[in-house]
Amino acid sequence: MTTVILLRHGRTTANAGGVLAGWSPGVRLDETGEAQVRAVGERLAPVPLAAVVSSPLERCRQTADAVLAGRDLEPATDERLGECRYGDWTGRPLKELVKEPMWKVVQQHPSAAVFPGPEGEGLAQTQARAVAAVRDWNARLGPDAVWLACSHGDVIKAVLADALGIHLDQFQRIVVDPASISVVTYTDTRPFVVRMNDTGGDVAALVPPKKKRRRRRAGDSDAVVGGGAGATP
């Protein structure tokens, strides 16, 4: 079972200013964001990571660097984990965008939303590339890996919607705060969403048990009827 930790970047100057940053260059973490990523790096320090893969945007690379501190691990970047390309909406204040006719489409029917301008993409395209990236890295790293993907709010929400088996039109029901972690374990037949929007929980359950490598059992893909006993203390 491959486990991916989906980490959203810390708070940025654009987040604090209510601006849709998109792929704008030079958007960095603010002081709050820097504190957030230091804290999440410390939280995740006990978890052995097979890889740390980041969106190429600066705010994600800053966040990934905080997780990599003290680890003998080289960062990787993957454009497929990059922010949605918001086209002509990029760099505009959210208070202006809420007045745009397409705002209601983004809120109520996001699978049909295609952002305006030559650089704009559809949210369905964003989901497709991000899910493809996660599954590609799962295959590269193998069934026993725990790895981290550092990305953006809408991208992580789209991956979680896929893992939950819900239509993209429902993804606005998911909340992904800055510097939060969401965790998905992928098996042969289905993903299991282990955590969502976790901003402070204990991560001991993410550390693989110290035991000999075992063969994958058919039951690894089965859900526990009744809910199970949870992680072993």
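Q: Which residues do ring pairs link into a cluster?
A: In this predicted model, the cluster consists of Tyr-86, Trp-89, Trp-103 and Phe-115, linked by ring pairs.

Q: How many aromatic pairs does a search of the whole structure find?
A: The search gives four aromatic pairs. One of them joins Trp-89 and Trp-103, with 6.2 Å centre to centre and 20 degrees between the planes, and is stacked.

Q: Where do Trp-89 and Trp-103 lie?
A: Trp-89 belongs to the loop between strand E3 (76-77) and helix H4 (94-97), while Trp-103 is in helix H5 (residues 101-108), so their pair ties together parts 14 residues apart in sequence.

Q: And Trp-89, buried or exposed?
A: Trp-89 counts as buried, because its relative accessibility is 4% and the limit for buried is under 20%. Trp-103, at 22% relative accessibility, counts as partly exposed.

Q: What about Trp-89 and Phe-115, stacked or edge-to-face?
A: Trp-89 and Phe-115 form an edge-to-face pair, at 5.3 Å centre to centre and 70 degrees between the planes. This pair links distant parts of the chain, 26 residues apart: Phe-115 is in the loop between H5 and helix H6 (123-141), and Trp-89 in the loop between E3 and H4. Both Trp-89 and Phe-115 are buried.

Q: Changing topic to charges: what lies over the face of Trp-137?
A: Arg-140 does, at 4.0 Å from the ring centre of Trp-137.

Q: And which ring has the charged end of Lys-157 over it?
A: The ring is that of Phe-171, and the charged end of Lys-157 sits 4.8 Å from its centre.

Notes:
Residues are numbered from 1 along each chain as its sequence is written. This is a predicted model: local features need pLDDT of at least 70, side-chain atom pairs count only at pLDDT 80 or more; totals for chains, interfaces and linings use all residues. Side-chain values use heavy atoms; hydrogens and water are left out. Rings of Phe, Tyr and Trp (its six-membered ring) pair if their centres lie within 6.5 Å; planes under 30 degrees apart count as stacked, over 60 as edge-to-face and the rest as tilted. Helices (H or I, at least four residues) and strands (E, at least two) are DSSP runs, numbered from the N terminus. Buried means under 20% relative accessible area, exposed over 50%, partly exposed in between (1.4 Å probe, protein chains only). A charge sits over a ring if NZ of Lys or CZ of Arg is within 6 Å of the ring centre and within 35 degrees of the ring normal.
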